[in-house]
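Hi everyone, thanks for making the time. Let me put the model up on the screen, and then we can walk through it together.

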Amino acid sequence: YSNSYVMPYEKGFYGGGQNTIRAWQLRHLGPGTFQTNETMLERVGDIQLVINLEHRFPIVSIFEGALFADIGNVWLVHNSEEFPGGQFKFNQFVESIATGVGLGLRAKISILTLRCDFAIPLFDPGMEKSQRWRPPYWKLNQITTNFGIDYPF
């Protein structure tokens, strides 16, 4: 970095996937309020904020259920022609926070937890302003499935 204008790709942050905002596919969220219909574009940023809230409840034996909400996004430090709306601006910070909700199934096996999560976007800053609240537009094919292996906590 030091004199670089852009962070190296391997040091960048991404949104989406099983460990950040689960309602988006891996590297499909952000940066900021960037809008595109292109699905194969990998999106990375210089700044990341992720808040995961999760409530687990017992089902039977080693199985637990989970209700969760994920909040956050990635942003760029500098303005970019490639990602318009991706720059972090404190006065536009709140409207660029993505929110996803979902439910999951956990299997707690002694030293690890296997998890399967189903999530859907609640608020998508990458949509037109009138369509950012997603519940009226929810469809079954918009549910994102994520699998993960974690340490139990």
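Buried residues make up 37% of the 153 residues in the protein, where buried means under 20% relative accessible area, exposed means over 50%, and partly exposed lies in between, with a 1.4 Å probe and protein chains only. Before I go on, a word on the ground rules: this is a predicted model, so local features need pLDDT of at least 70 and side-chain atom pairs count only at pLDDT 80 or more, while totals for chains, interfaces and linings use all residues. Residues are numbered from 1 along each chain as its sequence is written, and side-chain values use heavy atoms, with hydrogens and water left out.

Now the overall picture. The protein has zero helices and five strands, which run β-β-β-β-β from the N terminus on; helices (H or I, at least four residues) and strands (E, at least two) are DSSP runs, numbered from the N terminus. The radius of gyration is 17 Å, close to the 15 Å that the globule rule gives for 153 residues, so the protein is as compact as a globular protein of that length. For the record, that radius is taken over C-alpha atoms, and the rule is 2.2 Å times the number of residues to the power 0.38. Along its principal axes, the C-alpha trace spans about 55 × 40 × 30 Å.

How about contacts, meaning heavy atoms within 4.5 Å? Of the contacts with a separation of 6 or more, 62% are between residues 24 or more positions apart.

Let's zoom in on Asn-146, which sits in strand 5 (residues 144–150). Is Asn-146 buried or exposed? Asn-146 counts as buried, because its relative accessibility is 7%. Not counting residues up to four places away in sequence, Asn-146 touches Gly-17, Gln-18, Arg-22, Arg-115, Cys-116 and Asp-117. Take two of those partners. Arg-115 is 31 residues from Asn-146 in sequence, and their C-alpha atoms are 8.1 Å apart. With Arg-22, a polar atom of the Asn-146 side chain lies 2.9 Å from the backbone oxygen.

My other stop is Thr-113, in strand 4 (residues 112–123). Thr-113 is buried too, because its relative accessible area is 1%. Leaving aside neighbours within four places in sequence, Thr-113 has contacts that include Arg-56, Arg-106 and Lys-108, as well as Gly-148, Ile-149 and Asp-150.

That's my tour, so over to you for questions!

Notes: Contact means heavy atoms within 4.5 Å. A polar contact is a pair of N or O atoms within 3.5 Å; within protein, one must be able to donate a hydrogen and the other to accept it, and residues adjacent in sequence count only if both atoms are side-chain atoms.
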